[in-house]
Amino acid sequence: MRNTTCAVILLIATAFAASAHAADATLAAARDLYVSASYDDALTMLGALTGSSRTLEEQQSIDLYRTLCLFALGKAADADRVIEGMLMRQPLYRSSNEELSPRVQTAFQTARRKILPGVIQKGYAEAKNAFDKQDYVIASAAFDEVLKRLADPDITAAAGASPLADLRTLATSFKDLSVKLTPPPAPPAPKVEAKPVRPVRSVYSAEDGDVVPPVALQQRVPKYPANVTRPVSGVVEFVVDETGAVQAPMMLVSIDSTYDPMVVNAAKKWTYKPAMVDGKPVKYIKRLTISVSVSPPQ
């Protein structure tokens, strides 16, 4: 019997390794102990792995190994209790491993026949309670789970007789009714096209089409200090800030070394209604052409 068990162990150890992905190193060590027939040591290690931090899949994997160890040690009653705990946790649980010994498979089938009827009746009561509270989405899913459990092949005979047969009829009707009473999902909110956001600039100019240029409030140009025999012109450049004041004036195109400082000093006193973008004042770089005409004959 022990040799047969070891042979089964060797078959399931390889197939089961893929599902034991949590705490791989520790679970792999427990599996190695199991394969080497160190069942007591494997059980001790598996017991240490059990905990609330485990996922459902991880805990089921741990308990399946515990079950196999207990059967190998001849502790069938303890193994049955572990199986019942697995099925209470996941009523439709079935190992993905098809190499379980007939003895273990029979133990799972027996446990399902024992546990599922009560689980189904409890699940139906919870589903009906949700229906009575008009939680139709929850009720529909709960009735669907009841029907899945009633379809388990291990309880075919029990599911065809009262009271489970009656619950199947009721669960089917209440599920359909729950679906009908579930309000349709709210229509998606109309898509609002996002207004394009203009890039924010530190200083605007005449090249920016989205800016309203500044308007002169006081822009007095000084008189040229000498007679002019030929017309001349220059360009003064400056920044009109958000308050309309002039900042950093400079002669971009010179007129002459005497008149240029006069224009720059005068520009510092000029005032403007500031440039605007979307109703907000902004800095604006402005260029102003200064023209000096020929002096009339005396």
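Student: Which residues form one aromatic cluster?

Tutor: This is a predicted model, where local features need pLDDT of at least 70, side-chain atom pairs count only at pLDDT 80 or more, and totals for chains, interfaces and linings use all residues. Residues are numbered from 1 along each chain as its sequence is written, and side-chain values use heavy atoms, with hydrogens and water left out. Rings of Phe, Tyr and Trp (its six-membered ring) pair if their centres lie within 6.5 Å; planes under 30 degrees apart count as stacked, over 60 as edge-to-face and the rest as tilted. One aromatic cluster is formed by Y124, F131, Y136, F143 and F174.

Student: How many aromatic pairs does the structure hold, and what kind of pair do Y34 and Y65 make?

Tutor: The structure holds 10 aromatic pairs. The ring centres of Y34 and Y65 lie 5.6 Å apart with the planes at 90 degrees, so this pair is edge-to-face.

Student: Which helices does the pair of Y34 and Y65 link?

Tutor: Helices (H or I, at least four residues) and strands (E, at least two) are DSSP runs, numbered from the N terminus. The two residues are 31 residues apart, and the pair links distant parts of the chain. Y34 is in helix 2 (residues 24-35) and Y65 in helix 4 (residues 56-72).

Student: Is Y34 buried or exposed?

Tutor: Buried means under 20% relative accessible area, exposed over 50%, and partly exposed in between (1.4 Å probe, protein chains only). Because its relative accessibility is 2%, Y34 counts as buried.

Student: Are the rings of F143 and F174 stacked or edge-to-face?

Tutor: F143 is in helix 7 (residues 136-150) and F174 in helix 9 (residues 164-181). Their ring centres are 5.7 Å apart and the planes stand at 15 degrees, so the pair is stacked.

Student: Why do the buried residues of helix 9 line one face of the helix?

Tutor: The buried residues of helix 9 are L164, L167, A171, F174 and S178. The arc is that of the directions from the helix axis to the C-beta atoms. Seen down the axis of helix 9, these residues line one face because they fall within an arc of 85 degrees.

Student: Which exposed residues does the face of helix 9 turned away from its buried side carry?

Tutor: F174, on the buried side, has 18% relative accessibility and therefore counts as buried. The face turned away from the buried side of helix 9 carries the exposed residues T169 and K180.
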